[in-house]
Amino acid sequence: MWRWLHPYAKSEATFALNQKLLPWFLIPGLLLTLVGVIWGLAYAPPDYQQGESYRIIFVHVPAAIWSMGFYVSMAIAGLIALVWQIRTAEQAVLAIAPVGAVLTFISLFTGAVWGQPMWGTWWVWDARLTSQLILLFLYLGVMALYVAFEDERAGGKAASILALVGVINIPIIHYSVYWWNTLHQQSTITKVITRFESPSIAPEMLWPLVVNIFAFMGLAAALIIMRLNNELLRREIHRPWAQKILNTGDKENSDAV
Amino acid sequence: MQFDSWSAFIAMGGYGVYVWSAFFVTFLCFGLLALEAVWRRTKLRDEARKQQARQQRIEKAKRES
Amino acid sequence: MANAARIFIQIVKRDLRVASRQRSDLLNPLIFLLIVVSLFPLGVGPGPDILARIAPGVIWVSALLSAMLGLERMFRDDFRDGALEQMMLLPVSLEVSVLAKIAVHWVMTAVPILFIAPLLALLLNLPTTAWGVLWVTLLLGTPVISAAGAIGVALTVSLNKGGALLSLLLLPLLIPLLIFATAAVEAAVSGLSATGPLALMGAFLVITITLAPFAVKAGLRVSVN
């Protein structure tokens, strides 16, 4: 059942697959970003309560969604790395982690910038903000653990284990933080934002948001593939296939990079 | 189009600083990640070229000796 | 099965003997805990109301931090002198030995905390009605720290600068523990039933004790090679 996975243990095969996949993420990602951002900033109607400031949602929500989504994908890569002992999967873990951390940072930053005009404060200990902050710590932990090892194989495996332990913990952390937040008196201002969770969001606002969610997935996936490709080439720089790509690449690869 | 003029678009109903800084930082982050990936690839190319040059020097020296 | 139980007991005995010879290692985290707890009244003022309000959080945060200090010892010495490699070659699965290690660590670090817990509660002016619940949260929570901590130690034991990294890895994972422990004590302080959070802590305990040995085993395999 899992035999199709094995060829990709070879860096060369993974690299070839990546090269094929990259344009399918990068080009739609860029196009959708262009469409989504312009639609969201200029054409979506203003919110009747928050005015124009709500337009931050078009970057905030996609970043928040994928910061969690890519953590799960990182853990899946970690599982593959541990179960089938596939090195390229370890490298995938390490390619995903920085991108995921940046997405988490974006969601925190845009949340703070949104919170200032709406709630009058940059930061509240709201359940979602708090669990997002913890998610950032988890990403940083995975990255720090990898860097701490001198042996790259050992570091990759250790980071994979930590990613897996973290993914079991994420739902627990998430719900415990929610529970903690309802236990302590919840500031009424945080309820302003929960309105967006209900499906009652107007379709004129929902559609650009959906476009941006897909756009961010494309962009983030393209960045991850680029990082993974670099990593694959770096570790196999002595091998003929990598040298061939690096030599001929100047013209051919410049559009793919 | 929800805005009458460019200045209204930039002002964002008084929330311009917040909205534009959020969008700016978001795409700055993406841009930096992309730049870093491209920069690393060029560095790898240089390294590969250096290694091959060294390899050729070694082989040349071997042939001559 | 009998074999596994025998080796479990052997490892517990050996580790207890080794640990009892390094008393300073055991005392230091405990003294650290006392000092941190006594720093808070100096920092926020000696008002009994404030202290009683922050007591559950202060005691639990301090306990977490002091646990981070002693954790490294769980596998460090065995890693350095090669005992860990021997442990991996034992005819029983590594999980058994790992559980023994966790048990010994819990006995050596958490049991003293359980003994001085009333003193900490007294220092921070925690209402006596909540003392029992505080004690139960420590009883249920400290094995989780030991077991989850073992994962972190197993991953970082081969690194020279593991200390700060260990805290970075573990503390985010232990946040649910902190939340429910303090919630239970606060419920008890305000006269409510604390069984809900305590039951959840019990669930954490069962989950971590069951799953952690597998993660520790994987971590040790990475570190020892």
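This note reviews salt bridges in a predicted model.

1. Basis. The model is predicted, and local features need pLDDT of at least 70, side-chain atom pairs count only at pLDDT 80 or more, and totals for chains, interfaces and linings use all residues. Residues are numbered from 1 along each chain as its sequence is written, chains are lettered from A and ligands numbered from 1 in the order in which they are written, and side-chain values use heavy atoms, with hydrogens and water left out.

2. Overall count. Over all chains, the search of the whole structure returns 16 salt bridges (a side-chain nitrogen of Lys or Arg within 4 Å of a carboxyl oxygen of Asp or Glu).

3. Glu36(B) and Arg40(B). A salt bridge joins these side chains, with an N to O distance of 3.0 Å. Both residues belong to helix H2 (residues 16–64) of chain B, four residues apart, about one turn of the helix; helices are DSSP runs (H or I, at least four residues), numbered from the N terminus. Glu36(B) is partly exposed at 26% relative accessible area, and Arg40(B) is partly exposed at 27% (buried is under 20%, exposed over 50%, partly exposed in between; 1.4 Å probe, protein chains only).

4. Asp46(B) and Arg49(B). Helix H2 of chain B also holds this pair, three residues apart, about one turn of the helix. Asp46(B) is partly exposed at 39%, as is Arg49(B) at 41%.

5. Chains C and A. In chain C, Arg76(C) and Asp77(C) form a salt bridge of 3.5 Å, N to O. In chain A, salt bridges with shared partners link Glu152(A), Glu231(A), Arg234(A) and Arg235(A) into one network.

Methods
Helices (H or I, at least four residues) and strands (E, at least two) are DSSP runs, numbered from the N terminus.
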